[in-house]
Amino acid sequence: MKEQLGLYVHIPFCERKCKYCDFLSGPSSVQNKKAYIDALKKEIEQWKGYDEKYEVVSIFFGGGTPSSIDAEDLAAVLDKLCEVFKIEDCDRIEITTEANPGTLTKEKLEVYKKGGFNRLSLGLQSTHNEELKMLGRIHTYEEFLENYKMAKEAGFTNINIDLMSALPNQTKEGYRQTLERVLALKPSHISAYSLIIEEGTPFYEVYGEDKELEHTLPDEETDREMYHMTKQLLKEAGYDRYEISNYALDGKECIHNKLYWTGKAYLGFGVGASSYIEGVRYRNEEDLSEYMNYINKKKDIKRDVTKLSQNEKMEEFMFLGLRLIQGVSKQAFETQFGVSVEEVYKDVLKKHEQEGLLINGKERIYLTEPGLDVSSYVMSDFLLE
Ligand code: SF4
């Protein structure tokens, strides 16, 4: 039987940089975008033959803003993937593109649909225009609503909406209103994260540690209350929380992200994209012009290569798997590493079970509700010397 494989395509372009963003992305010219698409297709060609060992189960276009480039170009990259990895029936697998409100049109959505995309992930973040403006987003809530309606009309039934809490000056009532407005739309999937102030972003200069406006960020207690509010309102609305920050209606969990959390193989294409295949992690060249140079000179792209040790693989298996509400399979651990999870993590499992943060069941190990609330603390104990 062939192993499962996910494919990721990185589109590093955005109309303008959001103030909190540290992703590899930014504005660019139409010409550069076209040249990048050509480079992507050439990079994909380099992986010919991988279809013999692997079966592609999901494709994800992320960024950046994939919807900031021509829809035909995006569809052409998808075509190239289908050709190289011999994917005949797009409907059988999950094919997602991220898209930002303010960059979508009816025509674009129709091209996506016709091209084989069957899932959209929309970056909304908030339904309050003053918050969107403060974040540096290019769209308003009204534009999002219009785009969401267009996506439905174009035939997209599987739509994720990204939300963010713990924003500067955000109140619990304001966040509740965002959740309620989004729930009224009944998207199939919701991702809800707390804002993290990353170094090197404009936000860090004003809201970072000891910076002038740090006090406008919600305190720890309010942040936790927003987190609990998300859990509660989404549960009441029928969403299943299947990962710490991800919620889905029945059968609409994101197949692609689940591949990451269960340690399956994936290949990433494009500048800075990561791959994990046969126990080795690769990261493509992060400089856009260098990446283009390698491709255009028909050379293999420069990649950072990290061969994970057995211990690192076990740590990753636990860190990622415990993010899932169903946790990790003890049998899968043993099959993969040739040793039982109890033999490796006996003391850690015992400690967190006694604290009521983890359940060591017959078949699976998973975090309890209080354990999920302090997941970083629990997971840090799974580091091996
Ligand atoms: S749209 Fe997304 S990737 Fe682009 S700058 Fe904003 S947060 Fe970053």
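This is a predicted model: local features need pLDDT of at least 70, side-chain atom pairs count only at pLDDT 80 or more; totals for chains, interfaces and linings use all residues.
1. Residues are numbered from 1 along each chain as its sequence is written.

2. Have a look at helix α1 (residues 30–45) and helix α2 (residues 71–84), whose axes come within 10 Å and cross at roughly 10°. Axes here are lines fitted to C-alpha atoms, for helices over the stretch in contact, with angles from 0 to 180 degrees between N-to-C directions. Helices are DSSP runs (H or I, at least four residues), and strands are runs of E (at least two), numbered from the N terminus. The two helices, α1 and α2, are therefore roughly parallel to each other (angles under 35 degrees count as such).

3. On the α1 side, the contact (C-beta atoms, placed from the backbone, within 7 Å) involves I37, L40, K41, I44 and E45, and α2 contributes D73, A76, V77, K80, L81 and V84.

4. Turning to the ligand, the residues around it are C14, K17, C18, C21, F23, S25, G63, G64, T65, N100 and G123 (C-beta atom, placed from the backbone, within 6 Å).

5. Finally, helix α13 (residues 341–354) has a kink of about 55° centred on D347; the bend is the angle between axes fitted to the seven residues ending there and the seven starting there. After α13 comes G356, with a positive phi near 80°.

Terms used:
Angles under 35 degrees count as roughly parallel, over 145 as roughly antiparallel, 65 to 115 as roughly perpendicular and the rest as oblique. Two residues are in contact if their C-beta atoms, placed from the backbone, lie within 7 Å.
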